[in-house]
Amino acid sequence: MASSSSSLPPSSSPSSTLVVFDFDWSFADQDTDRYVFEVLAPELRTQLREAKKTTQWTDNVAQHLVRLHEQGGTREQIVEVLQGLPVHPAMIRGVQKAKARTETTTRFLCLSNSNSVYINTILKHHHMENFFEEIITNPAEFLDNGLLQLNRRVDPSGEQHGCKVGCSANMCKGAELDAFMARHGGWESWDRVVYVGDGGNDFCPLLRLRSQDVALVRMYRELSRRIVKDAEASPLKCTPVPWGGAWEVEKWLLEN
Ligand SMILES: [Mg+2]
């Protein structure tokens with residue numbers, strides 16, 4: 001063929017894109033907190049749901065991890081479960097291809113209410129431990145006795161985030177996104193921000209997005225309902241794009 005790349009119309013892709021990924025039901029095709037108990041201790045999974053009514057979610061999971069440990073649940077069992085947690089191959093393929101594109105710069109941030117052990121274990125299993133610029137989540141670590149100790153990102157004994165949009169006490173995702181931007185040259189250093197999310201706590205960061213930004217919103221889940229419910233009181237400036245399966249995120253990332 002005689003034509004070369006110089007004869008193609010200019011790409012409509014922005015020169016720098018930050019893709020912000022929620023983790024549960026967004027990057028991963030499951031909920032990490034619930035899945036571990038569903039596989040290892042179904043009775044604790046039932047109790048987790050009961051206690052959700054009265055206990056902050058991160059504290060709730062931390063307390064049930066203590067019970068799992070008391071019942072003999074081991075570090076090795078938890079790691080094995082996480083290695084088997086569903087992450088759709090199309091999601092992995094899509095983000096890796098998007099990052100490898102040479103005509104545009106695309107970087108990735110993970111912003112999640114899961115925890116550092118869950119996310120890092122899963123990413124390592126998929127050979128993606130260095131994929132994200134940062135992983136902003138609740139801190140966790142295995143103690144020498146095998147207990148997975150989990151804490152809120154925002155220490156309950158210190159200053160609280162004061163979010164009025166509805167973020168859980170452990171973390172305000174909107175404030176965390178702003179803080180990330182402050183650490184990385186400000187919002188103006190990104191031509192476009194793409195946010196991939198599904199949960200009610202993804203609504204606050206979406207309110208920070210600009211008119212040139214895009215929200216990839218998983219259908220039939222809390223975030224999509226919240227966007228509709230708050231359309232008048234808290235309209236989005238960014239453009240929402242619905243998706244159902246990982247293949248649609250892959251397709252969008254590679255075509256935009
Ligand atoms: Mg989620």
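Modeller: Before we start, two residues are in contact here if their C-beta atoms, placed from the backbone, lie within 7 Å. This is a predicted model, in which local features need pLDDT of at least 70, side-chain atom pairs count only at pLDDT 80 or more, and totals for chains, interfaces and linings use all residues. Residues are numbered from 1 along each chain as its sequence is written.

Colleague: OK, what meets what between H2 and H5?

Modeller: From H2 you have Tyr 35, Val 36, Val 39 and Leu 40, and they meet Gln 77, Ile 78 and Val 81 of H5. Helices are DSSP runs of H or I, at least four residues, and strands are runs of E, at least two, numbered from the N terminus.

Colleague: Why is H2 called roughly perpendicular to H5?

Modeller: The two axes cross at roughly 115° and come within 10 Å. Axes are lines fitted to C-alpha atoms, for helices over the stretch in contact, with angles from 0 to 180 degrees between N-to-C directions. Under 35 degrees counts as roughly parallel, over 145 as roughly antiparallel, 65 to 115 as roughly perpendicular and the rest as oblique, so H2 is roughly perpendicular to H5.

Colleague: And what makes H5 oblique to H7?

Modeller: Helix H5 (residues 75-83) and helix H7 (residues 116-125) pack at about 60°, their axes 9 Å apart. That angle therefore makes H5 oblique to H7. On the H5 side the contact uses Val 79, Leu 82 and Gln 83, and on the H7 side Tyr 118, Thr 121, Ile 122 and His 125.

Colleague: How do those contact residues of H5 with H7 divide?

Modeller: Into four nonpolar, three polar and no charged. Nonpolar covers Ala, Val, Leu, Ile, Met, Phe, Trp, Tyr, Cys and Pro, charged covers Asp, Glu, Lys and Arg, and the others, Gly among them, are polar.

Colleague: Which residues does UniProt give as "active site"?

Modeller: The unreviewed UniProt entry puts that feature at Asp 22 and Asp 24; such annotations may be inferred rather than shown by experiment.

Colleague: How do you know whether Asp 22 is buried or exposed?

Modeller: Buried needs 20 or more other C-beta atoms within 10 Å of the residue's own, exposed means 12 or fewer, and partly exposed is in between. Asp 22 has 25, so it is buried. It sits in the loop between strand E1 (16-21) and helix H1 (23-27).

Colleague: What about Asp 24, buried or exposed?

Modeller: Asp 24 has 22 C-beta neighbours inside 10 Å, so Asp 24 counts as buried. Asp 24 is found in helix H1.
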